[in-house]
Amino acid sequence: MKYSAIDNQLFINNRAKFASKMKPNSLAIFNSNDIYPISADSTMPFQQHRDIFYLSGVDQEESILVIFPDCPKEKHKEILFLRETNEHIAVWEGEKLTKEKAFETSGVKTVYWLQDLEKVLFEIMTQCDTVYINTNEHYRASVEVETREDRFTKWLKEKYPAHSVAKSNPILQRLRSVKEDVEIELIQKACNITEKGFKRILNFIKPGVTEYEIEAEFIHEFIRSRSKGFAYTPIIASGNNANVLHYVENNQKCKAGDLILMDVGAEYANYASDMTRTVPVSGRFSERQKAVYNAVLNVKNEATKMLVPGAYWGDYHVEVGKLMTSELLDLGLLDKADVKNENPEWPAYKKYFMHGTSHHMGLDTHDYGILTEPMQANMVFTVEPGIYIPEEGFGVRLEDDVVIQNTGEPINLMKNIPIEIDEIETIMNA
């Protein structure tokens, strides 16, 4: 891995928190992701399942974690199963985790090779009443492929049909949404790498450069800073492309006078950052562009102050909608009749700002978190309002990542990334 080693106390603490939420005499099982094929012998780069990483720090395929707090055998309260490594694998694929290295990484003392899985599992399944399976219940999830976790769950339920089944995901949704200090430091590292990339491209952007060249500048800076690369597919959208919310072609030339919207974030140690900035291709904003930009910035700054413990995500978005409505009235994009006659299910401001303002962030860009429960300190949220005006040929979105505090305003992990118009113009024209 490119990232520096993480203190295994994080993963020890995470397992302890999970174990404390389990039913008596139950065990939980977590699988690594598959390496997904492309065609012939080609594969996609491996991405570890975030749940097993959160609980163990193991960043390797074909790994399984078992947590069994009430196991009668002390050594089987926590178990890792790994693919057995050897010299041949080391030559062709690179070094894999040894049992010793797996312990150093995770803090799990008992490590078996995968070939022992069925034998050991039979023993511990006879000692428990309930087994926690790991399903994907994220509110944005839309999965068509059968995952390694799915296949394992199917096999387990057929092999042990008399056991009660429980779900890991509701526990993990709550645990993963509230970050440990070490996790916030890792997210901050990802944000710092994103900052380097953004400052690099401010001196690079000019009329005639292509969106993909800007993308290349970002990835250069990310990888040289020990990131695997982008935390998600980057959006580099110049001109009217910014009005396509998930524009990812990144293949057009940037034209003089246009704005370019960049929704880009580096990952670090599997933790995400998520930034959006909108800058002028020619280095100067027009007066109209400034007015729209400052309207978005005002909404972002005021919305950030609303992210406090006890707030509810749904109520928060209603209040942000009121802020945006006021700005759109001032810009002349809405009039009072539009607001008076609006559909409460789709308010008038949605014509120009049709997406949500904030989402949880962490190991996943759209991270775990139950939206019907109140916000808590140490949750990390994006704040990303936007105004999109196809008829004027541009859109503006601004986005930072913030940490909710027990008292006071959230901490902005992207406070050092230029966002004010004067600062951006000064850097671009230096």
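T357 touches A303, Y316, H317, V320, T382, V383, E384 and P385, leaving aside residues up to four places away in sequence. Contact here means heavy atoms within 4.5 Å. This is a predicted model, in which local features need pLDDT of at least 70 and side-chain atom pairs count only at pLDDT 80 or more, while totals for chains, interfaces and linings use all residues. Residues are numbered from 1 along each chain as its sequence is written, and side-chain values use heavy atoms, with hydrogens and water left out.

T357 sits in the loop between α12 (336–340) and β14 (380–383). Helices (H or I, at least four residues) and strands (E, at least two) are DSSP runs, numbered from the N terminus. T357 is buried, with a relative accessible area of 1%. Buried means under 20% relative accessible area, exposed over 50%, and partly exposed in between, with a 1.4 Å probe and protein chains only.

One of the contacts of T357 is V320. V320 belongs to helix α11 (residues 313–331). V320 is buried too, at a relative accessible area of 0%. Its contacts are V299, A303, M306, F353 and T357, again not counting residues up to four places away in sequence.

Now turn to the sheets. Two strands pair if DSSP finds at least two bridges between them. Axes are lines fitted to C-alpha atoms, for helices over the stretch in contact, and angles run from 0 to 180 degrees between N-to-C directions.

Helix α5 (residues 117–125) also meets helix α6 (residues 148–159). Two packed helices are described by the angle between their axes and the distance between the axes. The axes of α5 and α6 come within 13 Å and cross at roughly 55°. That makes α5 oblique to α6. Angles under 35 degrees count as roughly parallel, over 145 as roughly antiparallel, 65 to 115 as roughly perpendicular and the rest as oblique. From α5 come L117, E118, L121 and M125; from α6 come F152, W155, L156 and K159. By class, this contact has six nonpolar, no polar and two charged residues. Ala, Val, Leu, Ile, Met, Phe, Trp, Tyr, Cys and Pro count as nonpolar, Asp, Glu, Lys and Arg as charged, and the others, Gly among them, as polar.

Helix α7 (residues 169–177) is mostly covered, with seven of its nine residues buried. The buried ones are N169, I171, L172, Q173, L175, R176 and S177. Their cover includes α1 (9–20), β1 (26–31), α2 (50–56), β7 (130–133), β8 (164–167) and β14.

A second open sheet has three strands in the order β9-β10-β13, with antiparallel pairing. β9 (235–238) and β13 (275–280) stand at the edges with a single partner strand each, so one side of each lacks a neighbour in the sheet. Neighbouring strands are turned by 10° against each other on average, direction ignored. Four bridges join β9 to β10 (residues 259–264). A237 stands opposite L261 in β10. Helix α8 packs on this sheet, touching β10 and β13, and its direction makes about 10° with that of β13.

Helix α8 (residues 181–202) has a helical partner as well. Its axis and that of α9 (residues 211–224) come within 8 Å and cross at roughly 140°. The two helices are therefore oblique to each other. I193, T194, K196, G197, F198, R200 and I201 in α8 meet I214, E217, F218, H220, E221 and F222 in α9. These residues divide into six nonpolar, three polar and four charged.

β15 (residues 386–389) and β16 (residues 394–397) run antiparallel, joined by four bridges. Four residues lie between the strands, and G393 in the turn has a positive phi of about 80°. I389 stands opposite F394 in β16. G386 and Y388 point one way from β15, I387 and I389 the other way, and all are buried.
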